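Keep the sequence and the 3D view side by side.

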Amino acid sequence: MRSSIFYGLLMLATVALLNGSQPSRAQKPLRFGKEEVQLEANVKRGCRLSRKKVDYGAAYGGKQNVLIELKRIPDSADRAGLRALGVELKGYVGGQAAYYAQIPQGLQPYALTKTSARAMVPIVPRWKVADALLENKIPDWAQRGAGQVAVTVWWFDNVEASFVEQYLASTGWYTESKAPTLRVITIVLPQQRVLELASQGWVQSINLVSPPMELFSEPSVMPSDGEDTLPRLRQQHERE
């Protein structure tokens, strides 16, 4: 009898150990344009990655901008647990529960092991950039000649507009328009330097400048990133 109980307990312990060693149920992948990303958990208890120091880049107002993936859509308790550590969730990114977030400077993944966080990673520059710019598919309306392109840049809300304007002034790039209260600015820069701009921690996203309004006067024309709409529009008028 005792032998049966012993072997039963041994089997239960073995099953528990094996289950604990299995990878957690896969999260939904994130999509950044055409790129699909599966984040590796680095907040899991006992995970070797949890103690690996991660560089999250420059801080603005004492906060660093990162990407946090949670185990589930956060409820009030989840958010309170993160806030207690100085972590503030920002815009929803996608996947199962991934968000832009702001963390106190120097915070590392292992500090989040008692929260619902699964992964906390730096924001990769190319994730911020529209596919058309990455693929060199620049429509007529965004071209400014000699390899120059007009782009719209959004920045995170922990960054002052004056900082953005000073940074861009130092580059010599031309500013076409700006709306500081909306945290957006339209500039002209060499296309080959778009990823360099995206590597700045204050940048949230970079897209092509919006097409001119006259393109929308054609109900059958639906401009999209990277599509050369002007030649198609001219062909349509020629057929008419």
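This is a predicted model: local features need pLDDT of at least 70, side-chain atom pairs count only at pLDDT 80 or more; totals for chains, interfaces and linings use all residues.

Strand β3, residues 63-70, pairs with β6 through four bridges, in the antiparallel sense. Strands here are DSSP runs of E of at least two residues, numbered from the N terminus, just as helices are runs of H or I of at least four. Two strands count as paired if DSSP finds at least two bridges between them.

Residues are numbered from 1 along each chain as its sequence is written, and side-chain values use heavy atoms, with hydrogens and water left out.

Now widen the view. β3 and β6 belong to an open sheet of four strands, ordered β4-β5-β3-β6, with antiparallel pairing. Which strands stand at the edges? They are β4 (88-94) and β6 (117-121); each has a single partner strand, so one side of each is left without a neighbour in the sheet. On average, neighbouring strands of this sheet are turned by 35° against each other, direction ignored. The axes behind such angles are lines fitted to C-alpha atoms, for helices over the stretch in contact, and angles run from 0 to 180 degrees between N-to-C directions.

β4 runs antiparallel to strand β5, residues 98-104, and four bridges join them. Leu 89 has Ala 101 in β5 as its bridge partner. The two strands form a hairpin with three residues between them. In that turn, Gly 95 has a positive phi of about 65°.

Strands of a sheet pair through backbone hydrogen bonds, either parallel or antiparallel.

Four strands form it in the order β8-β9-β7-β10, and the pairing is antiparallel. β8 (174-179) and β10 (203-208) stand at its edges with a single partner strand each, so one side of each lacks a neighbour in the sheet. The twist averages 25° from one strand to the next. β8 pairs antiparallel with strand β9, residues 184-190, over five bridges. Find Ser 177: its bridge partner in β9 is Thr 186.

How far does confidence reach? The protein chain has a mean pLDDT (the predictor's confidence in each residue, from 0 to 100) of 84, and 76% of its residues reach 70 or more. Over residues 12-24, pLDDT stays under 50, and the model has three contacts (heavy atoms within 4.5 Å) beyond four places in sequence for them. Residues 224-240 also stay under 50, with 33 contacts beyond four places in sequence.
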